[in-house]
Amino acid sequence: MTFAKHTVFIRNKSQANPLPSNATTWADGKEAFSHYCVACHGLDGQNTGVPFADHISPPIPLLTSKDVQGYSDGQLKWILDNGISPSGMPGSKGTLSDDELWSIIVYLRHLPPAGSQGTPEMYNP
Amino acid sequence: MKTRVIRRGMLVAIMVAGIFPGCAPKAQSSPRRIEVTARRFEFAPAEITLKKGQPVVLELKSTDAAHGLRFRELNVNVKVGAGGTTEVQFTPDKTGDFIGHCSVFCGSGHGTMALTLHVVD
């Protein structure tokens, strides 16, 4: 299934990220990620503090995993735009701008260590 | 005699300046002010044409939630609180079409909020 996703279902493999991979873009990506992605992926992209991460099927992947990092930047953008059905990953085209989505990909390529960002505010008592 | 010639010369110069005001030296022009209204999920106006090198002040007014307006290529980013007004001054230094986006997450249509700047010579 992973092979099929990487080679058939997830498109846009050749598109390059138009944004530079630098500290400014990374910070932009982290901010955009914190608005829309943290509820399922945690602030660190590794599910820290997400109470249901291990209780849904399919489980929410660690964004540092080989499976996720094995996608090209273009494929990650396609996933962010369109989501992955039938998993719980929603598409966010229109909810976030292209600029924000590309900056998120820079953030995904350089995620902070697991647990270093704490628990998302929405899950704090 | 000399004084009369000078006076006549000054008079002619004043008349010429009155007839051709464009030829007189201009004072430093003040920045062009443009009011932009931000609301979920649009900017009004959605397109603005500017001249390269002409200073401009964008006055960003929110009528609902907190919003922002960012032109990455022009190094412009301004944020405004809910119902507030703020402004940013800049001088576009390159020509082209530049798309600015809302830079403060404001809801489900946030990603579609865009304003296009046409910068011309």
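Student: How do you know which residue in strand 4 of chain B is the bridge partner of Ala38(B)?

Tutor: In this predicted model, where local features need pLDDT of at least 70, side-chain atom pairs count only at pLDDT 80 or more, and totals for chains, interfaces and linings use all residues, the bridge partner of Ala38(B) in strand 4 of chain B is Ser62(B). Residues are numbered from 1 along each chain as its sequence is written, while chains are lettered from A and ligands numbered from 1 in the order in which they are written.

Student: What makes strand 1 and strand 4 of chain B a pair?

Tutor: Two strands pair if DSSP finds at least two bridges between them, and strand 1 (residues 32-39) and strand 4 (residues 56-62) of chain B have seven bridges, in the parallel sense, so they count as a pair.

Student: Why are strand 2 and strand 7 of chain B called edge strands?

Tutor: Four strands of chain B form an open sheet with mixed pairing, in the order 2-1-4-7, and strand 2 (42-44) and strand 7 (85-90) of chain B each pair on one side only.

Student: Why is chain A called as compact as a globular protein of its length?

Tutor: The radius of gyration, taken over C-alpha atoms, is set against a globule rule of 2.2 Å times the number of residues to the power 0.38; for chain A the radius is 14 Å, close to the 14 Å that the rule gives for 125 residues, so chain A is as compact as a globular protein of that length.

Methods:
Helices (H or I, at least four residues) and strands (E, at least two) are DSSP runs, numbered from the N terminus.
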